[in-house]
Amino acid sequence: MSFQELIKDVRRGRPRAIARAISLVEEGNAPARELLKGLFACRSDAVVLGVTGAPGTGKSTLADQIIAQLRQAGRKIGVVAIDPSSPFTGGAILGDRIRMMRHSVDAGVFIRSMATRGHLGGLAKATGEAVAIYEAAGKDYVIIETVGVGQDEVDVVKLADLVLVVLTPGSGDDIQAFKAGIMEIADIFVINKADAPGVEKMAQQLEAMLEMGLPGREPPPVVKTIATTGDGVKALMAETARLLRSRPASFQEARRKRLLGWMLRDIARESLLDLITRRIPETEFNRFVDRIYCRKTDPYSAADRLLAALKKELRAKHRPK
Ligand SMILES: Nc1nc2c(ncn2[C@@H]2O[C@H](COP(=O)(O)OP(=O)(O)OP(=O)(O)O)[C@@H](O)[C@H]2O)c(=O)[nH]1
Ligand SMILES: [Mg+2]
């Protein structure tokens, strides 16, 4: 299939084309670039929802309920579930997909898992590209599920238009969450597993903390849900819609620009690295390594020299003949 055809099929929302496009992007080679150039010109008005929280808090189960609600309203959805484990274990990936399994036969829903590791170009880039593909495919909502453990995951979820931080009662992850700096990124706190003991206490603790914690900013709303039954999910979605409506356009624009900035930086970094690999012969590169090993130079100075050599070569190449 040619790129033009693939692009056309992605834009028609064909699941197989979307799958192929995301795979190409994950492999991250030259064809992916051509594809993305073609897709990037498409619309960019999907709502990107980030769902984050400690492992096992019910993020996937909640996402499944959110999908069900949005589908009832006729919305099309793309999901990126980001798995922090190695690309080879697939454990959590399987869990995420199983929780959302009932939607897998629905052409209006596309669910994709991505491993955190193995993205040389950066997770932000891979996520941004997946969002671009979903938008081109006409999805109205994109859900990004990440485990809020590492800095990478926190950074990625920051790129969403709206971030739901999922906590559960009695697990002590309230304290953990604040340590990890999650308080700042939450637009809405979801206390999931509201059928478990200790919900009220947790809600009170959280609200008290939020009132103290963010001077000059309205504390984010706290919503209780039982993701396994769907209780509270309607209220959560109403809160989401209210927040999105109440924001000035400039706010949304700033978030989008931040995502694009991250992507551009990742892409530029990748291009530069690619250029170094292609332009600096391996023997020369290894000479630098030897010199660092013998402590004749350090990696920082060596990197400066590499860049200087690259600049010189590029200048020579572009010099008018
Ligand atoms: N009692 C109860 N159990 C829930 C609720 N929501 C989710 N669970 C259960 O909690 C477990 C974990 O749910 P997941 O949706 O996989 O959680 P997750 O946050 O996506 O997990 P990871 O992706 O592995 O971090 C499952 O056994 C769910 O059935 C809830 O509201 N109440
Ligand atoms: Mg999950």
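The legends below describe close-up views of one predicted protein model and its ligand.

Residues are numbered from 1 along each chain as its sequence is written, while chains are lettered from A and ligands numbered from 1 in the order in which they are written. Because the model is predicted, local features need pLDDT of at least 70 and side-chain atom pairs count only at pLDDT 80 or more, whereas totals for chains, interfaces and linings use all residues, and side-chain values use heavy atoms, with hydrogens and water left out.

**View 1. The protein as a whole, with 13 helices and 7 strands.**
Helices (H or I, at least four residues) and strands (E, at least two) are DSSP runs, numbered from the N terminus. Of the 321 residues in the protein, 47% are buried, where buried means under 20% relative accessible area, exposed means over 50%, and partly exposed lies in between (1.4 Å probe, protein chains only). Among contacts (heavy atoms within 4.5 Å) between residues at least 6 apart in sequence, 78% join residues at least 24 apart. The protein exposes about 17000 Å², and carbon and sulfur atoms supply 56% of that area; accessible areas come from the Shrake-Rupley method with a 1.4 Å probe, and for residues only the protein chains shown count as cover.

**View 2. The surroundings of ligand 1, formed by 17 residues.**
The closest of these residues are Lys59, Ser60, Thr61, Arg99 and Asp195, a residue being near the ligand if one of its heavy atoms lies within 4 Å of it. Helix 4 (59-72), helix 5 (91-99) and strand 4 (141-147) each supply at least two residues of this shell, and helix 4 gives the most, with 3 residues. Sorted by class, the shell has 4 nonpolar, 7 polar and 6 charged residues; Ala, Val, Leu, Ile, Met, Phe, Trp, Tyr, Cys and Pro count as nonpolar, Asp, Glu, Lys and Arg as charged, and the others, Gly among them, as polar.

**View 3. Oxygen atoms of ligand 1 beside serine 60, glutamate 145 and lysine 193.**
A backbone N or O atom of serine 60 lies 2.8 Å from an oxygen atom of ligand 1. In the side chain of glutamate 145, an N or O atom is 3.1 Å from an oxygen atom of the ligand, and an N or O atom in the side chain of lysine 193 is likewise 3.1 Å from a ligand oxygen atom. Taken alone, ligand 1 exposes 660 Å², of which the protein buries 76%.

**View 4. Lysine 193 and aspartate 195 in the loop between strand 6 and helix 9.**
This loop runs between strand 6 (188-191) and helix 9 (199-213). Lysine 193 has a positive phi of about 60° although it is not a glycine. As background, most residues other than glycine have a negative phi. With a relative accessibility of 36%, lysine 193 counts as partly exposed, whereas aspartate 195, at 55%, counts as exposed. The C-alpha atom of aspartate 195 is separated by 9.3 Å from that of proline 169, and these two residues are 26 residues apart along the chain.

**View 5. Glutamine 65 within helix 4.**
Glutamine 65 has a relative accessible area of 14% and is therefore buried. Not counting residues up to four places away in sequence, glutamine 65 touches Arg102, Ala227, Thr228, Thr229, Gly230 and Val233. The side chain of glutamine 65 reaches the backbone oxygen of alanine 227 at 2.9 Å. The C-alpha atoms of glutamine 65 and aspartate 231 are separated by 9.3 Å, although the two residues are 166 residues apart along the chain.

**View 6. Helix 6, residues 123-136.**
All 14 of the 14 residues of helix 6 are buried, so the helix is largely enclosed by the rest of the structure. At 1.5 Å a residue, its 14 residues should span 20 Å, and its end C-alpha atoms are 20 Å apart, which agrees; the expected span is 1.5 Å times one less than the number of residues. Glycine 138, which follows helix 6, has a positive phi near 85°.

**View 7. Arginine 295 in the loop between helix 12 (282-293) and helix 13 (299-318).**
Arginine 295 has a phi near 60°, a positive value in a residue other than glycine. Its relative accessible area is 70%, so arginine 295 is exposed.

Definitions and conventions: Polar contact = N/O pair within 3.5 Å; in protein donor to acceptor, adjacent residues only side chain to side chain.
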